[in-house]
Structure formats: C-alpha cells, structure tokens
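Dear colleague,

Please find below the structure that I am handing over to you.

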Amino acid sequence: MNPTLAEQELYDKLNAYRTQLKADSLTPFDIQQFMRTCRIHDIETRKIYRHIAMGNACSWRSYLTACVSFQ
C-alpha cells in the first residue's frame with residue numbers, strides 16, 4: 001500500500017467527519033469519537049492528532065496544501 005495514499009485517505013476521512021459535525025475545525029477531544037465513528041482502531045492517536053493539526057492549519061483544504069502549510 002502506498003503510505004502517501006493512506007495518509008491522504010486518513011486526512012480525507014477526518015475532513016468528512018469534520019464536515020458531518022458541521023465544525024470549522026477539530027480538536028484533540030474529537031479523536032476518540034472519530035475512532036469510534038469510523039471504526040479505526042489500528043491507527044495511532046498521535047497520527048490522527050497530526051492530521052487534525054494539518055487540517056486546521058490550512059482550513060481543511062487539500063491534503064497537499066495541508067502538508068505545505070504544516071511544514
């Protein structure tokens with residue numbers, strides 16, 4: 001599996017979850033609920049937190065924009 005694709009897929013799932021909540025951004029408090037909702041158990045919480053920070057940094061634009069904004 002392409003790790004970049006997996007990273008982008010996680011970012012897209014988080015963005016869809018944020019949209020479902022009708023929230024402008026996500027917080028660390030959203031991690032556990034996201035994991036339960038999406039039934040994701042094998043991803044480290046730290047990785048989800050990093051993607052939340054990336055998304056919030058660029059107002060949840062594309063994954064590429066998030067990567068550039070976060071660096």
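This is a predicted model: local features need pLDDT of at least 70, side-chain atom pairs count only at pLDDT 80 or more; totals for chains, interfaces and linings use all residues.

Residues are numbered from 1 along each chain as its sequence is written, and side-chain values use heavy atoms, with hydrogens and water left out.

Salt bridges

The structure contains three salt bridges (a side-chain nitrogen of Lys or Arg within 4 Å of a carboxyl oxygen of Asp or Glu). In one of them, the side chains of Lys47 and Glu7 meet with an N to O distance of 3.0 Å. Lys47 belongs to helix H3 (residues 45-57) and Glu7 to helix H1 (residues 3-21), so this pair ties together parts that are 40 residues apart in sequence. Helices here are DSSP runs (H or I, at least four residues), numbered from the N terminus.

Glu7 also forms a salt bridge with Arg50, with the closest N and O atoms 3.4 Å apart. Since Arg50 lies in helix H3 and Glu7 in helix H1, the pair ties together parts that are 43 residues apart in sequence.

As for accessibility, the terms are buried (under 20% relative accessible area), exposed (over 50%) and partly exposed (in between), with a 1.4 Å probe and protein chains only. Glu7 is buried, at a relative accessible area of 16%. Lys47 counts as partly exposed at 35% relative accessibility, and Arg50 counts as partly exposed at 37%.

A further salt bridge brings together the side chains of Arg46 and Glu44, at 2.8 Å from N to O. Arg46 is exposed, with 64% relative accessibility, whereas Glu44 is partly exposed, with a relative accessible area of 46%. Through shared partners, salt bridges join Glu7, Lys47 and Arg50 into one network.

Aromatic pairs

There are three aromatic pairs in the structure. The criterion is that rings of Phe, Tyr and Trp (its six-membered ring) have centres within 6.5 Å; planes under 30 degrees apart count as stacked, over 60 as edge-to-face and the rest as tilted. The ring centres of Tyr17 and Phe34 are 5.4 Å apart and the ring planes are at 65°, so the pair is edge-to-face. This pair links distant parts of the chain, with Tyr17 in helix H1 and Phe34 in helix H2 (residues 30-38), 17 residues apart. Tyr17 is buried at a relative accessible area of 5%, and Phe34 is buried at 0%. Elsewhere, Tyr11, Trp60 and Tyr63 form one aromatic cluster.

Helix H4

Helix H4 (residues 63-70) has Tyr63, Ala66 and Cys67 as its buried residues. Seen down the helix axis, the buried residues of H4 fall within an arc of 100°, so they line one face of the helix; the arc is that of the directions from the helix axis to the C-beta atoms. Leu64 and Val68 are exposed on the other side of H4. By way of background, an α-helix has 3.6 residues a turn, so residues three or four places apart point the same way.

Ala53

Ala53 is placed in helix H3 and counts as partly exposed, at 25% relative accessibility. Ala53 and Arg39 are 14 residues apart in sequence and 21 Å apart in space, from C-alpha to C-alpha.

With kind regards

Definitions and conventions
Helices (H or I, at least four residues) and strands (E, at least two) are DSSP runs, numbered from the N terminus.
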